[in-house]
Amino acid sequence: MTDTRFFRRAGPHSLGALAALTGARLVDPSTADRLIEDVAPLETAGPADATFLDNRKYTDAFMKSRAGAAFIAETLASRAPAGMALLISREPYKAFARAAQAFYPQSPVMPGRAPSAVVDPTATVPDNCAIGANVVIEAGARLGARCQVGPNSVIGPGVELGADCVIAANVTLSHCLIGARVVLHPGVRIGQAGFGFAPDAAGPVKIPQLGRVIIGDDVDIGANTTIDRGSGHDTVIGPGTMIDNLVQIAHNVVLGRGCILAGQVGISGSTKLGDYVMAGGQAGLAGHLNIGAGARIAAQAGLMKDVAAGETVVGTPAVPAIAFWRQVAMMQRLARKKDGG
Amino acid sequence: MTDTRFFRRAGPHSLGALAALTGARLVDPSTADRLIEDVAPLETAGPADATFLDNRKYTDAFMKSRAGAAFIAETLASRAPAGMALLISREPYKAFARAAQAFYPQSPVMPGRAPSAVVDPTATVPDNCAIGANVVIEAGARLGARCQVGPNSVIGPGVELGADCVIAANVTLSHCLIGARVVLHPGVRIGQAGFGFAPDAAGPVKIPQLGRVIIGDDVDIGANTTIDRGSGHDTVIGPGTMIDNLVQIAHNVVLGRGCILAGQVGISGSTKLGDYVMAGGQAGLAGHLNIGAGARIAAQAGLMKDVAAGETVVGTPAVPAIAFWRQVAMMQRLARKKDGG
Amino acid sequence: MTDTRFFRRAGPHSLGALAALTGARLVDPSTADRLIEDVAPLETAGPADATFLDNRKYTDAFMKSRAGAAFIAETLASRAPAGMALLISREPYKAFARAAQAFYPQSPVMPGRAPSAVVDPTATVPDNCAIGANVVIEAGARLGARCQVGPNSVIGPGVELGADCVIAANVTLSHCLIGARVVLHPGVRIGQAGFGFAPDAAGPVKIPQLGRVIIGDDVDIGANTTIDRGSGHDTVIGPGTMIDNLVQIAHNVVLGRGCILAGQVGISGSTKLGDYVMAGGQAGLAGHLNIGAGARIAAQAGLMKDVAAGETVVGTPAVPAIAFWRQVAMMQRLARKKDGG
C-alpha cells in the first residue's frame with residue numbers, strides 16, 4: 001500500500017474496468033466485477049492489489065506473489081499462482097502503467113500564488129496557475145494555463161511556458177521557450193550560456209551565446225540536468241523526449257521527437273539526434289555529430305563519429321554492437337590463452 | 001593555520017590528550033604535556049601543529065615537515081625529522097581525523113527560524129532547530145530535534161527528518177523519510193519521480209512513481225546528487241552510507257549499510273548493493289543487478305552483470321580485476337609487437 | 001536575428017570597424033563603410049549579418065550562406081559565394097567572437113537590492129551591486145564592486161568576491177575566496193565539505209574539512225558544477241580557467257591557469273593540473289596525480305597515473321594517444337581475422 005503521507009489514491013476499479021482502460025484481456029470474465037483497490041509490486045501486493053510481470057528475471061517473485069490480479073504476457077500466464085486474476089496483454093508494463101494512472105491520477109492544480117512569490121508586474125501568470133513560495137518570475141515571462149511552479153524556482157526574463165507545465169522546486173529557467181505539459185524535476189537548469197570561447201594567449205575570448213532553448217510538448221527533464229542555450233542556432237529538444245537526471249546537453253544540440261536519454265548522458269555542442277534515439281546511462285557524444293533516427297547508444301559508449309539510423313553502438317570509441325562483443329570475446333580468449341599457455 | 005573567517009578552533013590539546021583520544025602511542029611520554037594548537041597538512045604545519053602521514057607518496061614532504069607532532073605508522077617513524085613528536089597508530093589517518101574533530105568540534109546548533117522562512121502551520125519543527133532564510137517547509141513535514149536547514153532549501157509535504165540532521169542550502173526533499181544525523185550537501189535532490197515510462201507509438205506512457213526514499217541514520221550525501229523515489233518499492237540508502245557529489249541513484253535502488261560511492265557514480269533502477277560496497281568515481285551500474293556485500297567496483301567500471309560478495313571488478317563490461325589487468329597487458333604487448341614488426 | 005525577448009543588440013558596425021576590432025583583413029577595402037547589423041550562423045545569416053567559417057565540416061553550408069560578410073581563413077576564401085564580404089583571419093572563430101561581443105556587449109549592471117533579499121548587516125555589499133530576489137548573503141561576506149547575484153543564490157558567511165563577478169540564480173557559495181570577473185552559472189556549488197572520512201568498523205570517521213576554495217580572476221564555472229573545499233590545503237582554480245557543466249572537483253585539487261574542463265569531468269582529491277591542461281567530456285582523474293602543463297586528456301579517459309607536460313592521453317586506463325589508437329586498430333584487426341578465419 002502506498003504511503004498516504006505522499007500519495008492520494010482513486011478507485012477502487014473493477015477488473016472489468018481495468019481491462020477496458022488498458023486494453024488487456026481478462027482471462028476469467030466472470031470476475032469482471034471484482035474490485036481492485038490499489039497497484040503494488042509483485043513482492044508486496046496483496047489480494048486487493050493489481051501487479052504486473054514484465055521482466056522474466058522476476059518470474060520467481062511472480063510465482064510467489066499474493067496479488068489479486070496481474071498484467072502479464074500470454075506466454076507467462078501458466079506460471080501464475082492459483083486464484084490470481086490474469087489480465088493478458090502484449091505489453092504488460094504499459095497496461096500496468098495505465099492502470100496505475102487510474103489509481104493515482106494527477107492531482108488537479110490548486111490555483112494560487114504564495115505571498116512570498118516575487119512576480120514582475122510585466123510577467124503573464126494566469127490565475128489558474130499554482131506559484132509556490134519564494135518563486136521568482138521576471139520581466140516579460142509568460143506562463144500558460146494551469147502551470148505549477150515549485151518553491152524557490154526562478155523563471156527568467158522573457159521565458160515562455162505552454163499550458164499544464166509542472167516545474168518542480170529550485171529550477172532555473174532563462175532564454176527558453178517551453179511547450180505544453182512539460183515536466184521539469186528539481187534543480188533543472190535551462191538556458192544558461194554554453195561553453196563558448198576561443199582560446200587565446202591572453203585568456204579565452206568568450207563568444208556571446210545568442211540562441212535559445214526550444215523545448216517541445218510533453219518533454220520530461222530529470223533532476224539537476226543542464227541544457228545550455230544555443231550560440232546562434234537554438235538548442236532544441238523534440239516533443240515527447242524523456243531526459244533522466246544529471247544529463248548535460250550543450251549549446252546547439254538538437255534532439256528529435258521521442259528521444260530517451262538515461263542518467264548522466266553528455267552531448268557535446270552542435271550534435272544532432274534524429275527521432276526516437278535512445279542513449280544509455282553515462283554515454284558521451286562528441287560535438288558536431290549526426291545520430292540517425294532510431295539509433296541506440298549503449299550505456300557508457302563514447303561516440304566520435306556519426307551513427308546511421310537504426311544502428312546500435314557500444315564502447316569507446318563506439319562501434320556496432322556485434323563488433324564490440326566480438327572484440328570483447330576475442331580479448332577474453334587471448335587473455336585466457338596467455339594465462340593457460 | 002585555518003582561516004578564521006570560516007572555522008572556529010577549540011584547544012589547545014596536549015600531546016597526552018591527543019594520544020588518549022585517538023588511541024595513538026606517544027613515543028616520548030615525557031612530552032605528554034606539550035600543547036598542540038592546531039592540525040595542518042605536512043607542508044604547512046608548524047611547530048604548534050599536529051599533522052599525519054598515511055600515503056607513502058608523501059614521505060618526502062613528511063621528512064621536510066616542520067610540524068610539531070605527527071600521527072604515523074610505526075614502520076615510517078624512522079623517517080621523521082628531528083624534534084617532531086610522534087604519535088604511533090596503526091591507522092594514522094583515522095587517528096588524525098579524531099584529533100581534528102577535537103580541534104574543530106561541530107558548532108552547536110543556533111536555534112531559530114529566519115523571518116523569511118515559510119513554514120506550513122501543519123509542519124512539525126521543534127524550537128531547537130535552526131531554519132535558514134527563505135526555507136520552505138510544506139504541509140505535514142516533521143523535523144527531528146536540532147535539525148539545521150540551510151537557506152533556500154525546500155522540504156516537501158509529509159517529509160520526515162530524524163534528529164540532528166544538517167541540510168545545506170538549496171536542497172530539495174520530497175516523498176522521503178530520513179534518519180538521524182544525516183548530512184545533505186547543497187543542491188541535493190531527493191524523492192522526485194524516477195525515470196519511469198513505457199514506450200508507446202503515441203508517446204511514452206508515464207508510470208506513477210508510488211514509492212518513497214528511505215535514508216538510514218548517519219548517511220552523508222554530496223552536492224547536487226540525485227536520488228529518485230521508488231516506483232512501487234522504496235529506494236533505500238542504508239545507514240552510514242557515504243555518497244559523494246553528482247551521483248545518480250535511480251528508483252528502487254537499495255544500498256546496504258556503510259556503502260561508499262565516489263563522485264558521479266550512476267546506479268540504474270532496481271539494482272541492489274549489499275553492505276559495505278565501494279564504487280569508484282564515474283562507475284555505472286545497469287539496472288536490476290545484485291552486487292554482493294563488500295564488493296569493490298573500480299572507477300569508470302561499467303557493470304552489466306551481478307557481482308559476487310567481496311569481488312573486485314574493473315572495466316566496461318566489468319570483469320574481475322585480475323582478468324582486466326591481464327587483458328590490458330595483453331593488448332599492450334600485442335600493440336607493441338605489431339609495431340616492432 | 002536574435003530573439004529580442006532575450007538579447008539587446010548594439011551596432012550597426014561597419015566592415016571597416018569590424019576588421020579593426022578583430023584584427024581581420026577586409027579583402028575588398030572599398031566596402032569598408034558597408035554596415036553590418038548583426039552576427040548569425042552560416043545557415044540563418046542574411047545580407048546584413050556577419051558569420052564565420054572555422055570547422056571545415058561546414059564548408060557546404062558556407063558555400064550556400066546568404067551572409068553579407070564572413071570571418072574566414074585565407075585558404076577557404078575561394079569557396080565564398082559571390083558578393084560576400086570576406087574578413088580574412090588566421091583565427092576566424094576568435095575574430096567572430098570579438099565581433100559578436102561588439103554587437104552584444106555585456107549589459108551594464110543595474111544596481112539595486114531586491115526587497116526580498118536577506119543581507120546580513122555585517123556583510124559588505126557595495127551600492128553598485130545588483131542583488132536579486134530572495135538572495136541570502138550571510139555574516140561577514142564581502143562583495144566587490146558591480147557584482148551581480150541572481151535570484152535565490154546563497155553567499156555563505158565570510159565568502160569574498162572580487163569586482164565584476166556574475167553569480168547566476170540558485171548558486172551556493174561557502175568557505176571560498178573568489179577573484180574578479182568570475183562567472184558562476186546556475187546551480188554551482190562551491191565550498192561544501194569534501195568527501196573526507198576514514199573507514200572504521202563502527203562507521204566512517206569524518207575528517208573536518210578545514211581548507212577553502214580559492215578561485216582566480218576570470219574563471220567561468222558551468223551549471224550544477226561542484227567544487228569541494230580543501231581538507232587542510234585549499235582547493236585552487238587558477239585564473240582564466242573554464243569549467244563546463246556538471247563537473248566534479250574534489251577537495252585539495254589544484255588547477256593551473258587557463259585550464260579547460262569539458263562537461264561531466266571528474267577530478268579526485270589532491271590531484272594537481274598544471275597550466276593550460278585540457279580535459280574532454282566525462283574524463284575521470286584518480287586522486288593524488290600530477291598532470292603536467294599543457295597536457296590534453298581525451299573525453300572519457302580514465303587517468304590512474306601522472307601525465308607529463310604536453311602529453312595527450314586517451315582511454316581507460318589512459319595511455320598516450322598513439323598507443324591507444326594502435327590498440328584500437330589491433331583489436332579491430334584481430335576481431336575481423338577471427339571472424340573471417
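Me: In this predicted model, why are the copies, chain C and chain B, said to meet through different surfaces?
Reply: Because only 15% of the interface residues of chain C are also interface residues in chain B.

Me: What makes a residue of chain C count as touching chain B, and how many residues does each side have?
Reply: The C-beta atoms of the two residues, placed from the backbone, must lie within 7 Å. By that test, 46 residues of chain C are in contact with 50 residues of chain B.

Me: Which elements supply the chain C side?
Reply: β20 (197-198), β21 (205-206) and α4 (321-340) of chain C each give two or more residues to the side that touches chain B. α4(C) gives the most, with four residues. By class, this side of chain C has 17 nonpolar, 23 polar and six charged residues.

Me: How many residues are in contact where chain A meets chain B?
Reply: 50 residues of chain A are in contact with 46 residues of chain B. On the chain A side, the elements giving two or more residues are α3 (92-103) and α4 (321-340). The residues of that side divide into 21 nonpolar, 19 polar and ten charged.

Technical notes:
Residues numbered from 1 in each chain as written. Chains lettered and ligands numbered in written order. Predicted model: local features only at pLDDT ≥ 70, side-chain atom pairs only at ≥ 80, totals over all residues. Nonpolar A, V, L, I, M, F, W, Y, C, P; charged D, E, K, R; others polar.
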